[in-house]
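Here's a quick tour for anyone meeting this protein model for the first time. Have a look at the sequence and the fold, then read on.

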Amino acid sequence: MEVAESKSKKAGGRLCSTCNQRKAALKRPKTLEQICRECFYEVFEEEIHQVIVGNQLFKAGERIAIGASGGKDSTVLAFVLSELNRRHNYGLDLFLLSIDEGISGYRDDSLQTVKRNEIQYGLPLKIVSYKDLYGWTMDEIVKVIGLKNNCTFCGVFRRQALDRGASLLKVDKIATGHNADDIAETVLLNILRGDIARLSRCTLITTGEDGPIPRCKPFKYTYEKEIMFTYAYFKRLDYFSTECIYSPNAYRGFAREFIKDLERLRPRAILDIIKSGENFRISTSTKMPEQGTCERCGYISSQKWCKACVLLEGLNRGLPKMGIVRSRGQNNERTKDMKQNKGTKNIESKQCGTLDF
Ligand code: SF4
């Protein structure tokens with residue numbers, strides 16, 4: 001140990017603040033500690049294990065679908081969950097579940113990454129496509145509606161597609177790669193949009209327990225920088241990092257930049273925003289949507305028809321703005337919408353930062 005220490009000092013490097021033996025290789029984005037790679041892997045994986053165990057995210061024997069886009073978060077999630085499942089004998093059957101939105105030059109490429117992950121991690125892969133489920137690809141939808149509301153269609157369709165894929169796989173739960181940055185952004189966006197229903201549930205680590213298939217977020221407290229620039233990079237994981245060709249991202253982009261600025265000044269800011277979100281209490285006089293089922297397809301819905309059926313009907317009838325257009329008195333209607341849960345709100349996807357947890 002003394003030899004390692006003196007060598008490290010000679011090289012001008014600091015020692016790892018955790019093991020105090022090896023040379024520090026990085027400054028942990030979450031805590032700013034100087035740490036060696038080996039200790040970083042250990043604390044990174046151990047923190048996720050503690051989140052899983054502490055929140056009882058899984059039960060032995062469960063079948064779990066990992067929502068896999070080929071991006072950094074879901075790739076690291078697939079890798080880490082496989083490792084932890086083996087190391088701690090969780091007793092889980094893990095699967096990769098991907099959605100093919102039909103976006104050429106983007107999703108076709110990222111699905112190649114997921115197919116390689118299937119082999120690399122030995123996890124069976126199921127791909128469900130918008131074309132098969134809805135008769136439309138996103139390329140076709142964008143041709144009809146343009147680039148203004150494309151993410152609304154895509155987000156609504158993806159949510160259902162994941163549930164439908166999960167039920168084909170007969171899984172008990174879906175695990176998604178939403179990280180701490182995503183959740184902090186969503187807290188802020190839901191405040192900015194006055195979306196009380198989503199604000200009340202966006203920090204929950206497991207959602208949809210009253211729905212067909214619950215979803216959980218093992219990376220709820222994991223920083224994006226640690227996933228992408230540190231863990232995935234040092235482990236040389238095979239992931240896809242190109243943005244969707246239809247990504248507008250304007251509104252979420254501002255929130256994202258704001259969070260990144262805060263993080264630069266004070267890394268704990270991300271965790272504190274999540275904590276604030278967790279501690280919001282919704283007034284009992286705020287009317288929350290009542291859950292039923294869509295009369296058309298049977299999917300969960302608080303309206304007569306679910307959002308996917310409304311949007312699909314519009315597309316099929318050549319009225320693509322059906323379910324999207326709001327009247328000029330939008331702000332007044334907005335309050336009414338929130339209370340009655342009418343109208344289709346903008347829902348963006350995880351790849352582009354989901355609002356729809
Ligand atoms: Fe779909 Fe995301 Fe692309 Fe929008 S940016 S079209 S939600 S994949």
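## Ground rules

Helices (H or I, at least four residues) and strands (E, at least two) are DSSP runs, numbered from the N terminus. This is a predicted model, where local features need pLDDT of at least 70 and side-chain atom pairs count only at pLDDT 80 or more, while totals for chains, interfaces and linings use all residues. Residues are numbered from 1 along each chain as its sequence is written, and side-chain values use heavy atoms, with hydrogens and water left out.

## Helix α6 and what follows

Just past α6, Gly-146 has a positive phi of about 80 degrees. The helix itself spans residues 138–145, and its buried residues (under 20% relative accessible area; exposed is over 50%, partly exposed in between; 1.4 Å probe, protein chains only) are Met-138, Asp-139, Ile-141, Val-142 and Ile-145. Looking down the axis of α6, you'd find them within an arc of 160 degrees (taken from the directions from the helix axis to the C-beta atoms), so they line one face of the helix.

What do the buried residues of α6 pack against? They meet α5 (130–134), α7 (150–169) and α13 (307–316), with contact meaning heavy atoms within 4.5 Å.

## The sheet

Six strands make an open, mixed sheet, in the order β5-β4-β3-β6-β8-β7. Two strands pair if DSSP finds at least two bridges between them. At the edges stand β5 (125–129) and β7 (206–207), each with a single partner strand, so one side of each has no neighbour in the sheet.

Further in, β6 (residues 173–175) and β8 (residues 215–216) pair in the parallel sense over two bridges, and Ala-175 sits opposite Cys-216 in β8. Helix α7 packs on the sheet too, touching β3, β4, β5, β6 and β8, and its direction makes about 140 degrees with that of β4. Such angles run from 0 to 180 degrees between N-to-C directions, with axes as lines fitted to C-alpha atoms, for helices over the stretch in contact.

## Two annotated residues

An unreviewed UniProt entry gives a "binding site" annotation that includes Gly-67 and Ala-68; such annotations may be inferred rather than shown by experiment, feature names are shortened, and positions follow the numbering used here.

Gly-67 lies in strand β3 (residues 63–67) and is buried at 16% relative accessible area. Ala-68 is in the loop between β3 and α3 (72–87), and it's buried as well, at 9%. Leaving aside residues up to four places away in sequence, Ala-68 touches Ser-74, Leu-96, Leu-97, Ser-98 and Val-114.
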